[in-house]
Amino acid sequence: MYVTIESLFCSYCDEVAEILERLKENRDEAESAEPEDLLYEAEPEEWMEAYDDLCSLYEDALSQKKGLLLTF
């Protein structure tokens, strides 16, 4: 099986707290957003679940004092 990586994002451990705080600050705005050009139809509950999962990744990284490497 081959996996194509289209994007790569790296946050160093000293950036995790700031990014997590920004995610938390912008949650209400994200919840009221109406994304365009999605690859498939998604309900707001679905993208907010993904948003909350992303916050959880940052919370875990912060508690472990580690950075994150995300590919998508």
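These are my notebook entries on a predicted model of a protein chain.

**Overall layout**

I started with the fold elements and found three helices and two strands in the protein chain. Reading from the N terminus, I get the order β-α-α-α-β. I then looked up the extent: the C-alpha atoms fill a box of roughly 40 × 35 × 15 Å along the principal axes.

Next came the contacts. Taking those with a separation of 6 or more, I see that 71% join residues 24 or more positions apart.

**Surface and burial**

I noted an accessible surface of about 6300 Å², with 51% of it belonging to carbon and sulfur atoms. Of the 72 residues, 18% count as buried.

**Ser11**

I picked Ser11, which sits in strand β1 (residues 8-11). Buried or exposed? Ser11 has a relative accessible area of 1%, so I put it down as buried, the cut-off being under 20%. I also listed what Ser11 touches beyond its neighbours within four places in sequence: Val16, Ile19, Tyr58, Gly67 and Leu68.

**Charges**

I went on to the charged side chains and have 5 positive and 21 negative ones on the protein chain. The centres of the two sets lie 14 Å apart.

Which residues form a negative surface patch? I wrote down Glu41, Glu43, Glu45, Glu46, Glu49 and Asp53. From that patch I followed up Glu49, which lies in helix α3 (residues 44-64). Glu49 has 52% relative accessibility, and exposed means over 50%, so I logged Glu49 as exposed.

Definitions and conventions
Residues are numbered from 1 along each chain as its sequence is written. This is a predicted model: local features need pLDDT of at least 70, side-chain atom pairs count only at pLDDT 80 or more; totals for chains, interfaces and linings use all residues. Side-chain values use heavy atoms; hydrogens and water are left out. Patches are made of residues with over 30% relative accessible area and no salt bridge: like charges are joined within 9 Å, nonpolar side chains (Val, Leu, Ile, Met, Phe, Trp, Tyr) within 5 Å. Accessible areas come from the Shrake-Rupley method with a 1.4 Å probe; for residues, only the protein chains shown count as cover. A salt bridge is a side-chain nitrogen of Lys or Arg within 4 Å of a carboxyl oxygen of Asp or Glu. Lys and Arg count as positive and Asp and Glu as negative; His and the chain ends are not counted. The place of a charge is taken as NZ of Lys, CZ of Arg, CG of Asp or CD of Glu. Helices (H or I, at least four residues) and strands (E, at least two) are DSSP runs, numbered from the N terminus. Buried means under 20% relative accessible area, exposed over 50%, partly exposed in between (1.4 Å probe, protein chains only). Contact means heavy atoms within 4.5 Å.
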